[in-house]
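Subject: Structure for your review

Dear colleague,

Please find the structure below, followed by notes on what was found in it.

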Amino acid sequence: MAIDPAGLGDASLPTHGTEGVADQEHAALAADLAAAVAGDVRFDEYAQVLYATDGSIYGARPAGVVIPEDEGDVVAAVEIAADHDAPVLPRGAGSSLAGQTVGPGCVVLDCSKHLNDIREIDTETQRAVVQPGVVQDDLDAALVQHGLKFAPDPASSNRATLGGGIGNNSTGAHSVRYGITVDYVESVRAVLADGTVATFEEIVVGSPEWDEMLAEGGHVADLHRAVRDIVEENEAEIAARYPDLQRNVSGYSLDAVADETEQGDRTLNLAKLLVGAEGTLGVVVAAEVSLVTVPEETALALYCYEDLGDAMRAVPTALEHDASAVELMDDEVFRLARGSPEYAEYAEPIPESAGAALMLEFDSELHDNLVAAVDAADSTFRRAGNAFDTLHAFDDDSQRNLWKLRKAAIPLLMSMEGDAKPYPFIEDATVPPEELAAYVEQFEAVLAAHDTSAAYFAHAGAGTLHIRPVLSLKETEGIETMRSIASDVTDLVAERGGSFSGEHGDGLARTQFNPKMYGPQLWDAFKHLKTAFDPEWRMNPGAVVFRDDEPTEMTEHLRYGADYASLEPTTALDFEDEGGFSHLVELCNGCGTCRTTQSDVMCPTYRASGEELATTRGRANLLRAAISGDLPEDELYADRFHEAVLDLCVGCKGCQSDCPTGVDMAKLKAELKHQRHEREGASLRDRLFADIDRLAAWGSRLAPVSNWLTSIPGSGAVAERLLSITAERPVPSFASESFDSWFTKREATVDAADAAERVAFLPDTHTNYIYPEVGKAAVMVLEAADCHVVVPDETGPAGRAAVSGGFLDLATERARVNVDALAPMVDDGWSVVTAEPSDAAVVQDEYTDLVDGDGVEAVAGATYGLCEFLDVHRPDALDADAGGERVAYHGHCNQKALNRDHHAGAVLSRAGYDVETLDSTCCGMAGSFGYEAEQYDLSMAIGERLFEQVRETGAEPVAPGASCRTQLSDWEEQNGRVAHPVEKLAESL
């Protein structure tokens, strides 16, 4: 069963190949790899920057990247790397928090793009066979029809791959119920350091199979002998040194590799060793994992405490109630969530006075009566737990909202203003749950001694707290403080019999402390194990274990560091709210949320291509490299930067809301496009698209002659050759009578003095000159809602096309004209309404970055998309009855970014429509993007998700965005033009 990483077909982005090898010392390696590997081989400067970081604080350029298409490519890459004595580093989504996928000079194997098949699902044995690039949520989506799931559930499951989860020995909120990844990996197929392909699974020592394997000899037999000897020689030390915890992912899993049968025979399963090995023992190319049943029902109860200590002291009591999850959030998480556009609604129910909260989940496999289970917990925590408030969530939506709040904690914390951030370096240390309260007190003392603070959240029931000290790693003092805190805290954890990592692994952050945790005997065993698997120590060197003369210092290879400096350019847009242009770029912490493909909006080009370059993270990494001198000085203005990085951003603005730290790539793109136009000029095509309103006005005035000219056979090919406007799409037909002309000839049916609302209607370019019927329907519906409607003579186009194209002088001019015309009306109580969502969004959002003054804030606050206005101001005013007609509603991505896309569904439902709201991300048209010849295939690939969802619903699609309607109308399976929601409202009156 093949899983497309985007579910959207196969669209290819430009690759850089081996022609532009960044370092000539790697040229021979790159050439040999390119000759032997079917997948992409990229050793250029951009590839190095894209794969230099992950979700951690670290950054170091690899030699290059191989994107293998199959197991054979992995074998070839590992063998050739061995020939060149080059280190190898396997990578999934790159969401690791300890620097596991950062390796200076490594050959990175990106297994996420092609090695993503779910090969088998066996419902009887509850097993699945997967390749390493399968995203966990994609696996769970395939299992849902069978009532099964993969139990470990990291917060990054919507983008994290199974291979990465195996490498890190991942777990998540439900570890108190289900354990960690090593408990569910039954066998692996791996490529070892010499290119040997080995399958590791459970085998009984001394059995006929064991004897046969040893008789055959070879590397696999030698490994089994070595592991048997290591385990037997260190049995007592393993029992004494490995902490008695549900979660320990530091070091190698020597405590899990050996077991016993019911008959008392010893078994070995070397697959368990590769779990948590962080790619240091081999590259997993397939794994058989066991599954669990999904409880039919769950319930959440959230207990609010005045301070963190009270919440910590309640954890042991919580575990007495058979909870399947016991999670902690502190007031800092709540504060940041309240200020986040995406998460504010989820934090709203939390009392302002809550210093911390424990969230307990109960499931129907452990409790016959969930209400009774919650009631029992309520009684306990109110009586003895000092909880002053309780929230209950029994339905799916309310539970989902609380889980979204909990899972957002890490990226939210990284969105804090300024250079000082709550960084991860000791944040998943784990102690026995009964030790938590005392441990936190001691941790607080360490923080106080270093004059800093921290945020607290995570998996309290398992004794794992993500405690992140707030530091600036751009300063020598902050770096030294990080090292000192890590040393002090690991001492505390060791004293309490804990683990230095209960979730996120060793990587570059914690490997140096493993000798302290395991002692000299087991540390020596780790080195023997590493040598047995990887004699030359080339597999992800420096992680988990290190040679005595090559310690992994946690302060090396920092993404920023004391020498980091960035350029702060003079900008046309206002970046004050973001802390400056460079700070907005640096807000990207690498968490990889932009690789999500299951829901939300971002990042459309990644979903269609599977390319790291197409993610918001990828663009931010290249931007950061450009402003910090890691790329050539003028790279921001270079052709390759704009063509490969910026031009593939569709400006959906999904990252503004979906990115937990709010990296607004559309705004950054608009600014950089503007600066390049100022320096280099702009193409005729770009200028035409930026001023499309003027072109459309002439097209309307000259219709039908203009329509005849564009319909001449061969005219599309000419436009493509001269202007690079695709010949694959029909050119819109212009209306001979514009909406403005129609409106000036009619008389209002609702008098201003008697109207419930007064509306200044702004017609967008498409409504005005191409399809005025939308505007006519809008006026009809607004008047039916008892609104007096005018089209102000002094207003002009909103400027969306100019902003998107980076023509900010033109955009500013248009914003100023409209603000000057509308501000007095707004002061007099008028609302501003447009039928085009992107025009509404540019006034609501970008105008305040383009012009100053009180007037712009007032106009932005009084501007609405049409359905938004009706839902907010006239929710029950329409006398409509659609009789239950089914429609599939596709919201505009700009509205989704501003959390305003839900209004149309509400208005249509009240009008009697049976509305299916699609989770369809960006349509892929994105204004001019879908008309650009070089982007047409990608545009249609992005649109495939929307097409598929419309196909599945079988309902009539409706969309407020002109681009979205164009994309749907150009879809070969769509018969006829797609309606705007206001047209459906007009029909229902």
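Two strands are said to pair if DSSP finds at least two bridges between them, and helices (H or I, at least four residues) and strands (E, at least two) are DSSP runs, numbered from the N terminus. Please bear in mind that this is a predicted model, in which local features need pLDDT of at least 70 and side-chain atom pairs count only at pLDDT 80 or more, while totals for chains, interfaces and linings use all residues. Residues are numbered from 1 along each chain as its sequence is written, and side-chain values use heavy atoms, with hydrogens and water left out.

I begin with the strands. Strand S8 (residues 185-191) pairs with S9 in the antiparallel sense over five bridges, and serine 187 has glutamate 201 in S9 as its bridge partner. Five residues lie between the strands of this hairpin, and glycine 195 takes a positive phi near 95° there.

An open sheet is formed by three strands in the order S10-S12-S11, with antiparallel pairing. Its edge strands, each pairing on one side only, are S10 (203-204) and S11 (258-260). Between S10 and strand S12 (residues 266-268) the antiparallel pairing runs over two bridges, and valine 204 stands opposite threonine 267 in S12. Helix H8 (residues 219-233) lies across S10, S11 and S12 and runs at about 125° to S12, where axes are lines fitted to C-alpha atoms, for helices over the stretch in contact, and angles run from 0 to 180 degrees between N-to-C directions. Contact, in that definition and below, means heavy atoms within 4.5 Å.

A cavity is a set of points, on a 1 Å grid over the protein atoms alone, where a 1.4 Å probe fits but cannot get out, and lining residues have an atom within 4 Å of a point. The lining of the largest cavity comprises 24 residues, of which Met414, Lys421, Tyr423, Tyr560 and Glu586 lie nearest its centre. By class, twelve of the lining residues are nonpolar, six are polar and six are charged, where Ala, Val, Leu, Ile, Met, Phe, Trp, Tyr, Cys and Pro count as nonpolar, Asp, Glu, Lys and Arg as charged, and the others, Gly among them, as polar.

Threonine 452, in the loop between helix H19 (436-449) and strand S20 (454-458), counts as buried because its relative accessibility is 17%. Not counting residues up to four places away in sequence, threonine 452 touches Leu447, Pro469, Val470, Leu471 and Ile485. Aspartate 764 lies in the loop between S22 and helix H34 (765-770) and is buried, with a relative accessible area of 5%; leaving aside neighbours within four places in sequence, aspartate 764 is in contact with Ala835, Glu836 and Asp839. Alanine 752, in the loop between helix H33 (739-744) and strand S22 (757-761), counts as partly exposed because its relative accessibility is 31%, and with the neighbours within four places left aside, alanine 752 is in contact with Arg758 and His788.

Finally, some backbone values deserve a look. Most residues other than glycine have a negative phi, and most peptide bonds are trans. The peptide bond from methionine 602 to cysteine 603 is cis, with omega near -5°, and the one from alanine 703 to proline 704 is also cis, with omega near 10°. Histidine 557, in the loop between helix H22 (514-533) and H23, has a positive phi near 60°, and asparagine 899, in the loop between helix H41 (893-897) and helix H42 (903-910), likewise has a positive phi near 60°.

With best regards

Key: 1 Å grid on protein atoms, 1.4 Å probe; cavity = no way out; pocket = protein on both sides within 12 Å on 5 of 7 lines; lining within 4 Å. Buried < 20%, exposed > 50% of the residue type's maximum accessible area, 1.4 Å probe, protein only.
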